[in-house]
Amino acid sequence: MKVRVKFRKNGAMRFIGHLDVMRYFQKAMIRADIPIAFSEGFSPHQIMSFANPLGIGVTSDGEYFDIELARPISSKKAVKQLNDAMVEGMEVVSFLQIAEEKKKTGMAIVAGADYLSSVTRGSFPENWKEQAEAFMEQDQILIVKKTKRSEKEVDIKPMIYRFEVREESLYLQVATGSVENLKPGLVMQAFANFLGVPEESTAFANHRLDLYADIGEEGERNLVTLESLGQVIEE
Amino acid sequence: MRKLALSDDILMTVEKPARYIGNEVNSVMKNPEETEIRFAFAFPEQYEIGMSHLGMKILYDMFNRRDDVWCERVFSPWVDLHKIMKEKNIPLFALESQDPISSFDFLGITIQFEMCYTNILQILDLGHIPMHALDRGMEDPFVIGGGPCTYNPEPLADFFDIFYIGEGETVYDELFDQYKEWKKSGKSRQEFLEAAAGIEGLYVPQFYDVSYNDDGTIAAFVPNNEHARPTIKKQVMTDVTNAVYPEKPVVPFIKAVQDRVVLEIQRGCIRGCRFCQAGMIYRPTRERGVDKLKEYARNMIKNTGYEEISLSSLSSSDYSQLEELVNFLIDEFKDQSVNISLPSLRIDSFSLDVMSKVQDVRKSSVTFAPEAGSQRMRNVINKGLTEEDILGGAGKAFDGGWTRVKLYFMLGLPTETEEDMKEIARLSDRVARRYYEIPKEERHGKCQIVASSSFFIPKPFTPLQWATMFTPEEYIRRAYIVKHEFLEQLNRKSLKYNWHEADVTMLEGTFARGDRRLCKTLEEAYHTGCLFDSWSDFYDHEKWMRAFEHTGADLDFYTTRPRSLDEKFPWDFIDIGVTKNFLKREWENAMDEKVTANCREKCSGCGAGTFGGGVCIESKS
């Protein structure tokens, strides 16, 4: 049976990197007595795969990984047992059965993520809320992407699905996953540039709200949360 | 939600911020308002190393069982954070509460190896705690040291209020109770130290005066305070089976060096190798009951979620219930894919059988520690491993499918001749020859024999504590003799030889047998930038040499100088049970190349029997 686990990562846990979060959950499975399945072979390992990694420093209410169960366990029981084994800042939200076909599971289906971002160091000019709209009305949003070998200019506008003011924060929904991937920090940096705020003087807190799969057809985008693709396992 | 001591900006800049945020599984949170004693327990090394240490886990667990104590962890901030904390004047904090350690009641520092001494000063410095015990006031914590290096605490004497000599399980409760009483009484700092000095096993260095002879050796070491004892008796937990054990150890987020459940199966070692400090200071050898260990193993896997369990002891093969324990572990965890690792095992049919069950033969290697190449030299150091054992064990391993063998040696041992050195290469070759005796069609390609040598460092409370060291040039010369001999061997293409650095060896040897006059040198070295000296990337030999020069300390005095049998050593005031007479006898046996039986074969009357426990009473009960 395939299961999708959704969890939150907040507080000090934002400084725990992706690989360490994986190791953390491998141990949590044992502490929480989750009947997870192991791979075959001389050194068996838990069958577990994580969705899009979250950058260090970013908090989240919508993180996911999929596991394979050796025996069934109810969603309610599993969530309780896992939360009893969590540390402060980590919380399991749901534990849901998902379809067996590879195409719909795995983490290849991740297509988008949304974030709330706010300024934690430095400040934006007073009219930043009005400027947010103007920012998205540009034909192109060009940023310089630095790789080890080269620097190149990229238009990130097609990867920004939504960019809206929410009280003192910005809400953004961006392309995420193996096909296209945009980090929220880059968008905020581009917006700061647009406002004429020097790059070094600002820092942002980014909080991921959820991860989405695209179930739209014929090029039409239709984003649904990864959680919505699962079903409760009853007692 | 806890507030972190470091800002986001800093945590986002430094390497591995997880080292500084605490919050790990099983870390202990308490209400500071409800705890009378705040204890900061420091391991003066990188987080990943400190988090691997069993002693710290034991005491963390034991202290936190008391409702009136909150014990928290502290590690050396890595070099990147060190710089930031110095620049911004950020005080060093404990991981759990994130509170500055200067506000704690105690700062306990475990001292595991000599090359962490500058890191100790870093902790005091970043902790905003006066470096010298004599400069501390009522607001400052009491700084207490423990661990193997406190068997000669003198090179650190100026920086500590108290040293705890021996195993931590015995008198901390008494110290905490005394502390609570003192805190209420409004008495002076000195009066608490006097109370501490009254507890067996606790040493307050400022209560002793040392005078020196013209040749620089110690003339007298005498108490200057009526509460101070002339000798300090090592603390021993006689009944280890019923001692506390950390069944819910803290599980780090990042990978520690030893990232697994650790089961301490016994303390001490019956073997009596003459170079080995652990083999002497942890006498008598005491086993933990196998039923308790089984229970711990089950509980600890469940409490941590680790997928690996490792046995810990100086010589696992000497544990009398080993077979029962190992079979239990294999059986118990076979469905949970828990790996079992068995270090310090004698290579024989039993251990090879076990190893083939718990690890992948093709990927693993078998390890021998002959320590010396020739039988003559092994007799000098009383290493009871014969060439027959090594070749026989290696042969069985080869027959079982292993192709990789590691061999550990020491160079620079007392009485060592060129022949002894060359035997390291020849013995390695004979191991390889044993492999090529197997018919070609049954072999798995070539074998790989990796020999490494470290330079021998005489340690206090060992029979070889009288030995002279050599200059770094001489060490390197010896390593080259071995290296050249390796090139002469028939199977040289299957052999590999590595040796350790010589400069650090000399420094470690200096502090191992040093005295309190070295405190100045150490302080000078820290202030000129020496830190993380056990990391070859950071060890700065020139800075150290300048520190010796500026403080007028003579390296040769501590290293290459011959010591007479009646010399008064800086550590002679400590009573470890094992007597100086026994050590002298063993030194003479070493010079005569005479082997001494192990504790189970025959008691050699070392003196540890005074503790009335472990192997000393085995045959009597």
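A salt bridge here is a side-chain nitrogen of Lys or Arg within 4 Å of a carboxyl oxygen of Asp or Glu. Keep that in mind for the opening stop. The model you have open is predicted.

**Stop 1: the interface of chains A and B**

Select Arg121(A) and Asp9(B). Their side chains form a salt bridge, with N to O at 2.6 Å. Between chain B and chain A there are three salt bridges in the count. Now colour the helices of chain B. Helix H1 (8–13) and helix H9 (290–304) each give at least two residues to the side of chain B that touches chain A. What classes of residue make up that side of chain B? It has 14 nonpolar, seven polar and nine charged residues.

On chain B, 30 residues are in contact with 24 residues of chain A. Eight residue pairs across this interface are in polar contact, both partners at pLDDT 80 or more. The size of an interface is often stated as the accessible area lost when the parts come together. Chain B and chain A bury about 2,400 Å² between them, and 62% of that is on carbon and sulfur atoms.

**Stop 2: aromatic rings in chain B**

Next, show the aromatic side chains. Over all chains, the whole structure holds 62 aromatic pairs. Zoom in on Phe106(B) and Tyr179(B). Their ring centres are 4.8 Å apart and the planes meet at 55°, so this pair is tilted. Where do the two residues sit? Phe106(B) is in strand S3 (residues 106–110) of chain B, and Tyr179(B) is in helix H6 (residues 172–185) of chain B, so the pair ties together parts 73 residues apart in sequence. Both Phe106(B) and Tyr179(B) are buried.

Ring pairs link Phe106(B) and Tyr179(B) with Phe39(B), Phe41(B), Phe63(B), Phe142(B), Tyr164(B), Tyr172(B), Phe176(B), Trp182(B) and Phe192(B).

**Stop 3: Leu342(B)**

Move on to Leu342(B). This residue is in the loop between strand S14 (339–341) and helix H11 (349–358) of chain B. Is Leu342(B) buried or exposed? Its relative accessibility is 14%, and buried means under 20%, so Leu342(B) counts as buried.

Show its neighbours. Leaving out residues up to four places away in sequence, Leu342(B) touches Leu311(B), Val326(B), Val354(B) and Val358(B).

Finally, select Pro153(B) and draw a distance to Leu342(B), C-alpha to C-alpha. The two are 32 Å apart in space and 189 residues apart in sequence.

Key: Residues are numbered from 1 along each chain as its sequence is written. Chains are lettered from A and ligands numbered from 1 in the order in which they are written. This is a predicted model: local features need pLDDT of at least 70, side-chain atom pairs count only at pLDDT 80 or more; totals for chains, interfaces and linings use all residues. Side-chain values use heavy atoms; hydrogens and water are left out. Contact means heavy atoms within 4.5 Å. Buried area is the accessible area (1.4 Å probe) that two parts lose on being put together, summed over both. A polar contact is a pair of N or O atoms within 3.5 Å; within protein, one must be able to donate a hydrogen and the other to accept it, and residues adjacent in sequence count only if both atoms are side-chain atoms. Helices (H or I, at least four residues) and strands (E, at least two) are DSSP runs, numbered from the N terminus. Ala, Val, Leu, Ile, Met, Phe, Trp, Tyr, Cys and Pro count as nonpolar, Asp, Glu, Lys and Arg as charged, and the others, Gly among them, as polar. Rings of Phe, Tyr and Trp (its six-membered ring) pair if their centres lie within 6.5 Å; planes under 30 degrees apart count as stacked, over 60 as edge-to-face and the rest as tilted. Buried means under 20% relative accessible area, exposed over 50%, partly exposed in between (1.4 Å probe, protein chains only).
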